[in-house]
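Dear colleague,

Please find below the structure I am handing over to you. My notes on a sheet and on several salt bridges follow it.

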Amino acid sequence: MKRKKISGALKSEYRWGLLLCSPPLIGVLVFLLIPMILSLILSVSELHGYMIEKMSLLPLSNLFGNYGYVLTDPLFWKSMGNTFIYALSLPLSLIVSLVISAMLVSIKRGRAFFYSIFFIPHICSIIALTQVWKVLLNYNYGIINEVINGIFGKRVDWLGTQGGFMTAMIFMSVWQSIGFQVVLLTSGLSNIEKTYYEAASLDGASPFVCFLRITVPQISPIIFYLFVTGMIGSLQEFTRMQSITAGGMGPNQCAVTMVYYLYNMGFNYTFSFGMGYATACAWIIAAIIFVVSVVNFKYVQKLVSYD
Amino acid sequence: MKKIVSKVLCGALAAFLALGCAACGNSDPRREGRVNIEFWGWADAMEYEVFSAMVETFNSRQDEIYVNYTKKPGGDYQRALVQALGGRGAPDIFYVPEDELKSYVSQDYIYDISELVKESKIVNLDDMWDSLKQRYSFDQNTFQYSENAPIWGLSKDLGVSAIYYNADAFQKAGITVISVPESEVGAESEKHGFYQKDGKAYFNNRIAMTWEELVEVSKLLTRGYNENSPTLYGYYDERPLGYLWSVGGDTVRYVESGDPAYNGGYWEWTLGDTEAHTLNGKTLPSNREAINFWTSLSTGNNEKYGLTKPVSPYPSIVSDQYSAFTDQQAAMLVLPRYAVSAFRRDCDFNWDVAPVVKHADGVQAGYTTSMCYSLSVNSNKQKYAFKFMEYMSGPEGQAELAKHGFNVPNQISVTNSDAFLKSTEPPFNNAVFAEGAVYQRVGDWTYLPDTAWSDAYEDAMNDVRNGRKTIDSLISDFESTVNTYLKRYTAKK
């Protein structure tokens, strides 16, 4: 069979195509693929410090020693538990955002003002916000305890007890994330056809039934997107915990999330653990996030309506 | 018109941008023809002023070396230094906190200055406090001190601990403060840090109180016990080390072992040991009992108020401790000498210092803090940088720092001189620091190259101090993890 001759114009097009694709391809290679391969090698090596030339592969008999140690460290499992408890802030924030969005949609004037108010925490630095909340939550002089003390005659040790600490962190996360969620959900709600509600009301459906059977399915793709991205973000929580504890572990080690654990092992405990150990931990965390994402797409996506 | 306006604006913008470049670099003409040394450290405003003046003195009195002093933000210092040491652009000479030195040595960042110290005509190791020599001289494989071990840094100073007490509060609580060394006290019944005689209470700031005396005096200064107390709490001490060491205990011990899994032995957590100690034929509390005493100061042994204020969740934030004293919540506070400059600035009441407490039958013990000047292994100007280290760490530099209320000088002779002992500002009882420098020890945060083993349980200790957990449950919760972490330091790779 004769090979089809490629015309000069097509050849030129191929060359231009390759040339224009090369910058992002080089970027993926240099900043993604090569570092991933290097980190895989590092995860089966020892490196105490940051000088890569001092890296040494673990002996073959104990090649996956770093992984084994992570999986047998009680603190790692504790950090996983802490992370998933913290991730409860996601469904809470989605519910709160949905309620706020439903209320905002019915407002004709001043909607932009409310968008701005809700969005401000989202754009502020987490470090700055946690320092502010640290003062607000202070046992002795925080304004929240002053109010609680005034009403109930008692103070709550928000940052000194495990229950108080996690409640405070979940609340902070919800407060900071509703801004972005409200913006997306409100735009979704605004695009729902009014005819659906008219038809439903003609059939005698109550507002709650309309919300459940029309509103939620219509914006379910947006909720799903927020859920997946929010879950991935929650499982990588670190900055808030490290900032509010000033490098400590929190009451009963409840501030140690998986990434915080990884950070401590790689950057603070360079001698006893080091970068090899931290990289193995990073791969385990990536696997966990991958599994959670797969579960989301396989099962949670079934609830999404794309009509 | 529009064109003229836009040209003028562009010219102004260009000039403004060029101004920014004018601030780049140090344009001191004395840099020319001299060996330029980069020196990094952190400092508050007052310390920066004093150190800048000392650097200026050094630069002015000779024409061979120019030292450029760069102040780095304290909170970011370690990260910036480690990045610089691992890459290019590392300073020649820099501060190293005592708890980081072993880690830096293990990563080959630090230059061994043993030969330079031997040849030096200024640095006299015989005139240096033992705890400083042991802190900065160790074998880089075992991290243990020995006479011939390499020297990795010269100490900047020594932070000796003392009890800072509110003299006005003592007076209001009816406690008479006296200052008589034990050797000059006549009556045996008065050779105490605190005693009662003829219905009056006396506090002698030259004699260490026993644990029982501490509880007695603290009750007079704690509102839960004495409703007329001028302070809420009598006492505040963040660290348990002094109590452990006083009875002959410690937080960890090294166990020699022939186990091939380890390099000669391994470390073991001993905080929860229940075996009593013996000293001079007397039986002393076990480690667990010593820790229990310290934590009971907070929980008050099931009393409604402890003698110590409730522990904040993150007590490593020193400002919380400072404010406990400056706000007159606590009448007594244990801290190293580095607190002096802040208290001189912030205390609007009379205060002074007293020795840290000891067990009645035990030894006098307390912790010290310190940091050192070290040289970068990548510097090609180590001999020149060392000359500046000699100046700062030697008698002249130490005497200058002593005048400004900083830590205890690293030189024994300077500490025992009027430059340190005599002061026109509080504390006046500086003999406490000079005596403490002899018996106080380096903290357990320097025993090993990092603090993974102690960080695992330290925050949980607050739950014990606040009465939410017992020391027994803390030990059982963390013993396995801490010992596993400790074994990693000497495990064969």
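Two strands are taken to pair if DSSP finds at least two bridges between them. Please bear in mind throughout that this is a predicted model.

The sheet in chain B

With that criterion, chain B contains an open sheet of three strands in the order β6-β8-β7, with mixed pairing. Its edge strands are β6 (175–178) and β7 (194–197) of chain B, each of which pairs on one side only. On average, and with direction ignored, neighbouring strands of this sheet are turned by 30 degrees against each other. Strand β8 of chain B covers residues 200–204; β6(B) and β8(B) run parallel and are joined by four bridges. Within this part of the sheet, B:Ile178 stands opposite B:Asn204 in β8(B).

A helix also belongs to this picture: α8 of chain B (residues 211–220) packs on the sheet and touches β6, β7 and β8 of chain B. The direction of α8(B) makes about 70 degrees with that of β7(B).

Salt bridges

Over all chains, the count comes to 26 salt bridges. Several of them may be of interest to you.

In one of them, the side chains of B:Lys197 and B:Glu190 meet at 2.6 Å, N to O. How accessible are the two partners? B:Lys197 counts as partly exposed because its relative accessibility is 37%, whereas B:Glu190, with a relative accessible area of 18%, is buried. The cut-off matters here, since buried means under 20%.

A further salt bridge links the side chains of B:Arg253 and B:Asp273, at 3.2 Å from N to O. Which parts of the chain does this pair tie together? B:Arg253 lies in strand β9 (residues 252–256) of chain B, and B:Asp273 lies in the loop between β10 (265–269) and β11 (277–279) of chain B, so the pair connects parts that are 20 residues apart in sequence. B:Arg253 is partly exposed, with a relative accessible area of 37%, and B:Asp273 is likewise partly exposed, at 23%.

Salt bridges that share partners also join A:Asp157, B:Asp463 and B:Arg468 into one network.

Finally, B:Arg31 and B:Glu38 form a salt bridge through their side chains, with an N to O distance of 3.7 Å. B:Glu38 counts as partly exposed because its relative accessibility is 23%.

With kind regards

Note on methods:
Residues are numbered from 1 along each chain as its sequence is written. Chains are lettered from A and ligands numbered from 1 in the order in which they are written. This is a predicted model: local features need pLDDT of at least 70, side-chain atom pairs count only at pLDDT 80 or more; totals for chains, interfaces and linings use all residues. Side-chain values use heavy atoms; hydrogens and water are left out. Helices (H or I, at least four residues) and strands (E, at least two) are DSSP runs, numbered from the N terminus. Axes are lines fitted to C-alpha atoms, for helices over the stretch in contact, and angles run from 0 to 180 degrees between N-to-C directions. Contact means heavy atoms within 4.5 Å. A salt bridge is a side-chain nitrogen of Lys or Arg within 4 Å of a carboxyl oxygen of Asp or Glu. Buried means under 20% relative accessible area, exposed over 50%, partly exposed in between (1.4 Å probe, protein chains only).
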